[in-house]
Amino acid sequence: MTVSLDTPLQPVRSEGRQRLARMARRSFGFVGQMARNPLTAIGGGIILLLLIVAAFAPWIAPYNPLVQDLNNALVAPNAQHWFGTDEFGRDIFSRLVYGSRITLYIVLLVSVTVGPLGLLLGVTAGYFGGKVDAVLMRVTDIFISFPSLVLALAFVAALGPGLEHVVIAITITAWSPIARLARAETLSLRQADFISAVRLQGASPVRVLWRHIVPLCLPSVIIRITMNMAGIILTAAGLGFLGLGAQPPEPEWGAMISSGRTYMMECWWVVTIPGLAILINSLAFNFLGDGLRDILDPRSN
C-alpha cells in the first residue's frame, strides 16, 4: 500500500491560500475606501512619496548633501540646482531628500514607542480604576499640562542635543494624550456584557485586557498616533531650529531653516523650501489621520 505524503498537506495549503486571498481582499478594500476620499488619497500619496524618497535617497539626490561648494553659494533655483543652494553652496534639493530620512526616523521611532506605552498605561488605568487610575492619571495630567514643545525643549536641554535625545524627549511628551484616549475607551468597555461574560468564565485581568479590550482600543489609538505624526514633525523641526536636534552638517529640515534665516530676505529659497517640506508633510499626516478615522471608527459613519 502506497501512502502519499502530499495528501495531508493539500488542505493546509488550500487553507493558507484562502487566508492570503482574504487578506488581499481586505487590503484592496481598505485602500479603495481611502482612495474614495480625495484628501486622504492626497495625504497617503504624499507619505508614500516621502517613503520612496527616503528609501532611494542616494539615487534620487543629484549631489552629496554634505559637500560644500563656496563658489556656488546662495545660487537661485535653476536647471543645475532645482531648489537652489545654501550659504555653503550645498544643493538644497539633495539636502531635503536626505533630510526625509531623519524626519521619518524620528516620526517612526517615536510612534512605535508612544503607541504601546500610552495604550498600556491607559487600559491599565481604565480597567483597574481606583488608586491605580488615580496615580496614573495624575501623572498623565502633569505631562498634558505643559506645552509639548516646551516640555520637549526642557528634556533635550537636560539630555543634550542629538537625534536620540530628541526621540526620547518627544516620546516623553507624546504618550499622555494616547493614554487618556485608551483610558476613556476602556472605561466604556469594562462594564460591557461580553467583558462580564469573559470574567465569569474565569479569564484573568491580563487576558481580558490583552485579548478583548486592547484590540477594541487599537483603532482609536492608531488614528491618534497618525494624527500626532504631524505634531512630531513640527516638534522635531522646532528643536532642530533651536540647535537641539540633528547637529550640523546633517540635513535636518528645521536646522536648514535655522541656518538660512540670516539670508531669508535676499535668498527666499533657503528658508521657504524646507518650510514647505515641513508644511506639506504635516498636512499629509493630518489628511491620512482623518481618513483612517472615517474608515476605522464606526461611530463616525
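**Reading the helices and the backbone**

Trainee: At what angle do α4 and helix α7 (residues 163–189) cross, and within what distance do their axes come?

Mentor: A pair of packed helices is described by two values, the angle between the axes and the distance between them. The axes of α4 and α7 cross at roughly 35° and come within 6 Å. Axes are lines fitted to C-alpha atoms, over the stretch in contact for helices, and angles run from 0 to 180 degrees between N-to-C directions. This is a predicted model, in which local features need pLDDT of at least 70 and side-chain atom pairs count only at pLDDT 80 or more, while totals for chains, interfaces and linings use all residues. Residues are numbered from 1 along each chain as its sequence is written, and side-chain values use heavy atoms, leaving out hydrogens and water.

Trainee: How does helix α2 (residues 38–55) pack on helix α4 (residues 92–128)?

Mentor: The angle between α2 and α4 is about 110°, and their axes are 8 Å apart. Therefore α2 is roughly perpendicular to α4 (65 to 115 degrees; under 35 is roughly parallel, over 145 roughly antiparallel, the rest oblique). The crossing of α2 and α4 is left-handed. On the α2 side, L50, L51, V53, A54 and A55 meet V97, S100, R101 and L104 of α4. By class, that contact has seven nonpolar, one polar and one charged residues.

Trainee: G43 is in helix α2 too. Is G43 buried or exposed?

Mentor: G43 is buried, at a relative accessible area of 0% (buried is under 20%, exposed over 50%, partly exposed in between, with a 1.4 Å probe and protein chains only). Leaving aside neighbours within four places in sequence, G43 is in contact (heavy atoms within 4.5 Å) with A284 and F287. The C-alpha atoms of G43 and N281 are 8.1 Å apart, and the two residues are 238 residues apart in sequence. For another glycine, take G275 in helix α11 (residues 269–296). G275 is partly exposed, at 25%, and its C-alpha atom is separated by 7.5 Å from that of W253, 22 residues away along the chain.

Trainee: Which backbone values stand out at L74, and which kind of peptide bond joins P248 and P249?

Mentor: Most residues other than glycine have a negative phi, and most peptide bonds are trans. L74 is not a glycine, but has a positive phi of about 55°. L74 sits in the loop between α3 (57–60) and α4 and is partly exposed, at 24%. P248 and P249 are joined by a cis peptide bond, with omega about 5°. P249 is in the loop between α9 (205–241) and α10 (253–260).

Trainee: How many helices and strands does the protein chain have?

Mentor: The protein chain has 11 helices and zero strands; helices (H or I, at least four residues) and strands (E, at least two) are DSSP runs, numbered from the N terminus. Of the 301 residues, 41% are buried. Among contacts between residues at least 6 apart in sequence, 72% join residues at least 24 apart.

Notes:
Left-handed = near helix turned anticlockwise from the far one by under 90°. Nonpolar A, V, L, I, M, F, W, Y, C, P; charged D, E, K, R; others polar.
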